[in-house]
Amino acid sequence: MPDVGCNAIKHGDRNAYQVNKCRCESARNEERIYRKRKRENRYTSPLVSSIGSMRRVRALNYMGWPGYIIAEEALGRRNLRGALISAMGGTVKRYTHDAIAAFYESHCMIMGPSSNARVTARKRGYAPPLAWDNIDDPKEKPSAAYTVRVNGDLDEAAVIRALSGDVPTKLTNREIAEVIRRDPDTPPIALSERTGIAVDTIQKHRRGIR
Ligand SMILES: [Zn+2]
């Protein structure tokens with residue numbers, strides 16, 4: 001309830017004080033506390049850079065934690081939209097940052113339940129938790145040792161896409177060998193259907209004939 005005599009559209013907090021010229025007692029109090037903290041250099045902004053939150057969410061995706069689980073368990077929300085401003089260099093509420101960081105601390109070395117999240121994260125080239133030393137440092141680059149490499153005629157992303165059934169335009173011989181090597185258990189016909197690699201090629205590789 002606004003105080004008697006205050007005709008602002010919004011009431012009660014510092015934002016209303018500044019934007020809507022609210023002069024209710026609660027708004028004046030917030031504004032006074034803000035000015036005092038600012039004067040004493042004790043003021044901490046309720047917003048922080050979103051870069052660490054984005055990296056954490058992506059690294060968690062890499063480990064198989066989908067956004068909706070992070071949203072639910074860390075923030076009590078149904079999804080991350082709205083909580084995270086997706087653009088790098090954006091901002092998030094400090095509460096959101098801290099909640100995601102806490103979830104990350106307890107989950108980043110555990111495999112999550114979603115293979116879809118894992119595959120998508122690799123396809124998009126997201127960096128895993130181990131690639132980061134100082135995940136909140138905007139100058140930090142993910143360590144190349146842990147990120148997906150594009151290496152000569154072996155494109156890691158193409159191999160992973162093929163293994164997940166998302167067949168790239170054309171696999172090189174090295175990529176074909178790698179796909180077969182990484183999936184030793186799927187029957188040849190099923191693997192062929194999933195990856196587009198010929199059945200007899202799969203059988204030859206499995207028998208060690210090249
Ligand atoms: Zn007011």
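A quick word on what you're looking at. This is a predicted model, in which local features need pLDDT of at least 70, side-chain atom pairs count only at pLDDT 80 or more, and totals for chains, interfaces and linings use all residues. Residues are numbered from 1 along each chain as its sequence is written.

Back to α9 and α10: their crossing is right-handed, meaning the near helix is turned clockwise from the far one by less than a right angle. Where do they meet? On the α9 side you'll find P188, I189, L191 and S192, and on the α10 side V199, I202 and Q203. By class, that contact has 5 nonpolar, 2 polar and no charged residues. Nonpolar takes in Ala, Val, Leu, Ile, Met, Phe, Trp, Tyr, Cys and Pro, charged takes in Asp, Glu, Lys and Arg, and polar is the others, Gly among them. Two residues count as in contact if their C-beta atoms, placed from the backbone, lie within 7 Å.

Now look at another helix pair. Helix α7 (residues 156–163) and helix α8 (residues 173–182) pack at about 50°, with their axes 9 Å apart. That makes α7 oblique to α8, and α7 passes α8 in a right-handed crossing. A158, V159, A162 and L163 come from α7, and they meet E175, E178, V179 and R182 of α8. This contact divides into 5 nonpolar, no polar and 3 charged residues.

Which residues of α8 are buried? They are E175, I176, E178, V179 and I180, where buried means 20 or more other C-beta atoms within 10 Å of a residue's own, exposed means 12 or fewer, and partly exposed is in between.

Zoom out to the whole chain. The domain assignment, which is automatic or from a database, gives domain 1 (14–43), domain 2 (48–146) and domain 3 (150–206). The C-alpha centres of domain 1 and domain 3 lie 62 Å apart.

Over in helix α1 sits A16, which is buried, with 22 other C-beta atoms within 10 Å. Leaving out residues up to four places away in sequence, A16 touches A8, K10, H11, C22 and A27. Between the C-alpha atoms of A16 and H205 there are 70 Å, and the two are 189 residues apart along the chain.

Finally, check the loops. Most residues other than glycine have a negative phi. K21 is not a glycine, yet has a positive phi of about 60°. You'll find K21 in the loop between α1 (14–19) and α2 (25–39), partly exposed with 13 C-beta neighbours inside 10 Å. N41, also not a glycine, has a positive phi of about 55°. N41 lies in the loop between α2 and β1 (47–49) and is exposed, with 6 other C-beta atoms within 10 Å.

Technical notes:
Axes are lines fitted to C-alpha atoms, for helices over the stretch in contact, and angles run from 0 to 180 degrees between N-to-C directions. Helices (H or I, at least four residues) and strands (E, at least two) are DSSP runs, numbered from the N terminus. Angles under 35 degrees count as roughly parallel, over 145 as roughly antiparallel, 65 to 115 as roughly perpendicular and the rest as oblique.
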